[in-house]
Amino acid sequence: MRMELVVAADENWGIGFHGTQNLVIPEDRRHFRAVTGHGTVIVGRRTLLDFPGGRPLPKRRNIVLSRDPDFAVEGAETAHSVEEALALVADGDPEGVFICGGESVYRAFLPYCRRAYVTRIFASPEADAFFPKLEELPQWRLVDPGEDREHQGVRYCFQIWENNGHWLERPQGPSGAGGF
Ligand SMILES: NC(=O)c1ccc[n+]([C@@H]2O[C@H](COP(=O)([O-])OP(=O)(O)OC[C@H]3O[C@@H](n4cnc5c(N)ncnc54)[C@H](OP(=O)(O)O)[C@@H]3O)[C@@H](O)[C@H]2O)c1
């Protein structure tokens, strides 16, 4: 299984405020579409609500995490736990499986990801949702800092980080290395 993640994070690793993205860069949306292609996206229920019209993303297989046994949305499959989501993608998608947020889902799946596509936005808007600080996690390293770009005076770049060989393929037991 090739599992990767895609995130846009500000300079403090903030990713959202009041349920939505705190800074939107149009080129980042195009980058997101190019990276996720026709693959599988895994998102939390709150992030799904923030998609246009609260609808699953077109042209991709959508898996939504919710603990609500009655949760269902047309055009998406529901997983009620990390284990259930992993089972749904266990056969592997040749186009890739992408963790697309929000905070709780990034934290739960980070140990399963080999690579992180991080749009780093050099600004510090107010945030109440955060991505783990990758530079503080020893197994993650910046392999491509991306070139400097600018949108309306805000600097950003498309970074690639990689997990240095210790990602999980399946859930560990209570004593396993599930954290990060
Ligand atoms: N900058 C970016 O790239 C980016 C990308 C995505 C999202 N975001 C931001 O992130 C914020 C949302 O993050 P969030 O953490 O509040 O919400 P979230 O992760 O999108 O969704 C949380 C919900 O997902 C379900 N869930 C999470 N973990 C689960 C598990 N292990 N098993 C079953 N269900 C699970 C639960 O749904 P139920 O309540 O239905 O049980 C939970 O309430 C927003 O501000 C959003 O804009 C930013």
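Colleague: In this predicted model, which of the 28 residues around the ligand come nearest?

Modeller: The shell around the ligand draws two or more residues from each of β1 (3-10), β2 (14-16), α2 (45-50) and α4 (103-109). By type, the residues of that shell divide into ten nonpolar, twelve polar and six charged. Of the 28 residues, those that come nearest to the ligand are Gly16, Gly44, Thr47, Gly101 and Gly102.

Colleague: Which residues is Arg45 in contact with, leaving aside its neighbours within four places in sequence?

Modeller: Arg45 lies in helix α2, and it counts as partly exposed because it has 18 C-beta neighbours inside 10 Å, a count between the limits of 12 for exposed and 20 for buried. Once the neighbours within four places in sequence are left aside, the contacts of Arg45 are Val64, Leu65, Ser66 and Phe71.

Colleague: What is the omega of the peptide bond that joins Gly101 and Gly102?

Modeller: Most peptide bonds are trans. Gly102, which lies in the loop between β6 (97-99) and α4, is joined to Gly101 by a cis peptide bond, with an omega of about 0°.

Colleague: Trp13 and Gln152 each have a positive phi; is Gln152 buried or exposed?

Modeller: Trp13, in the loop between β1 and β2, has a phi of about 65° and is partly exposed, with 18 other C-beta atoms within 10 Å. Gln152, in the loop between β10 (149-151) and β11 (154-163), has a phi near 45°. Because Gln152 has 6 C-beta neighbours inside 10 Å, it counts as exposed.

Terms used
Residues numbered from 1 in each chain as written. Predicted model: local features only at pLDDT ≥ 70, side-chain atom pairs only at ≥ 80, totals over all residues. Near = placed C-beta within 6 Å. Helix = DSSP H or I, 4+ residues; strand = E, 2+ residues; numbered from the N terminus. Nonpolar A, V, L, I, M, F, W, Y, C, P; charged D, E, K, R; others polar. Contact = placed C-beta atoms within 7 Å.
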